[in-house]
Amino acid sequence: AYIYLKNVKFLIISEGKLKGLTNKKIVSEALSELIKMGLDEIIVDRGKNGFMIYSKSGIEEAHYPDLKGFINPNGLTSTFSAVYLSERTRGSNIADSVNYALHSSNIKMRGWLPLKKNRQRIEEIVSVSKFLNSDLK
């Protein structure tokens, strides 16, 4: 597996598979080992606890908004991953990509499908979220 990872820019992997791949029991040690191989980012799926994005510049935690009331929680990881990678390959930074992916996942899981038709709505939600979380001094 290590031979192929040299050609990978982004890796999405569950916490358990990460430990198994590297034979490390501590996540930070496993991440360090993989990042040394040249990966730009490792996106660790932590299930209902969200994601951890590890890059050479540091770690970004991604926690889901309120998960209560989901119509269909299946596909949460797939939605987050697809949107996150889409945003990163468009040139968005890690924090903005995480924010967009989290909101998109939440929207999709609440049954507002399809995402393509709701792109404007997602962008509005992300903008409001950024505004509310900004320092208004």
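Glu41, Ile43 and Asp45 point one way from strand β2, Ile42 and Val44 point the other way, and all of them are buried, where buried means under 20% relative accessible area, exposed means over 50% and partly exposed lies in between, with a 1.4 Å probe and protein chains only. Strand β2, which covers residues 41-45, is accordingly described as mostly covered, with five of its five residues buried. Helices (H or I, at least four residues) and strands (E, at least two) are DSSP runs, numbered from the N terminus.

This is a predicted model, in which local features need pLDDT of at least 70 and side-chain atom pairs count only at pLDDT 80 or more, while totals for chains, interfaces and linings use all residues. Residues are numbered from 1 along each chain as its sequence is written, and side-chain values use heavy atoms, with hydrogens and water left out.

**Partners of β2**

Two strands pair if DSSP finds at least two bridges between them. Strand β1 (residues 10-14) runs parallel to β2 and pairs with it over five bridges, and in this pairing phenylalanine 10 stands opposite glutamate 41. Strand β3 pairs with β2 in the antiparallel sense, again over five bridges, and here aspartate 45 stands opposite phenylalanine 51 of β3. The strands β2 and β3 form a hairpin with five residues between them, and glycine 47 in the turn has a positive phi of about 65 degrees.

**Aromatic pairs**

Rings of Phe, Tyr and Trp (its six-membered ring) pair if their centres lie within 6.5 Å, and planes under 30 degrees apart count as stacked, over 60 as edge-to-face and the rest as tilted.

| Pair | Centre to centre | Angle between planes | Class |
|---|---|---|---|
| Phe51 and Phe80 | 3.9 Å | 10 degrees | stacked |
| Phe80 and Tyr84 | 5.8 Å | 10 degrees | stacked |

Phenylalanine 80 and tyrosine 84 both lie in helix α4, four residues apart, or about one turn of the helix. Together, the ring pairs link Phe51, Phe80 and Tyr84 into a cluster.

**Helix α4**

The buried residues of α4 are Leu76, Thr79, Phe80, Ser81, Val83, Tyr84 and Glu87. An α-helix has 3.6 residues a turn, so residues three or four places apart point the same way. The 14 residues of α4 should span 20 Å at 1.5 Å a residue, and the end C-alpha atoms of the helix are 20 Å apart, which agrees; the expected span is 1.5 Å times one less than the number of residues. Just after α4, glycine 91 takes a positive phi of about 105 degrees.

**The chain as a whole**

The chain has six helices and four strands, and along the sequence they follow the pattern α-β-α-α-β-β-β-α-α-α. Of the 137 residues in the chain, 37% are buried. Where contact means heavy atoms within 4.5 Å, 47% of the contacts between residues at least 6 apart in sequence join residues at least 24 apart.
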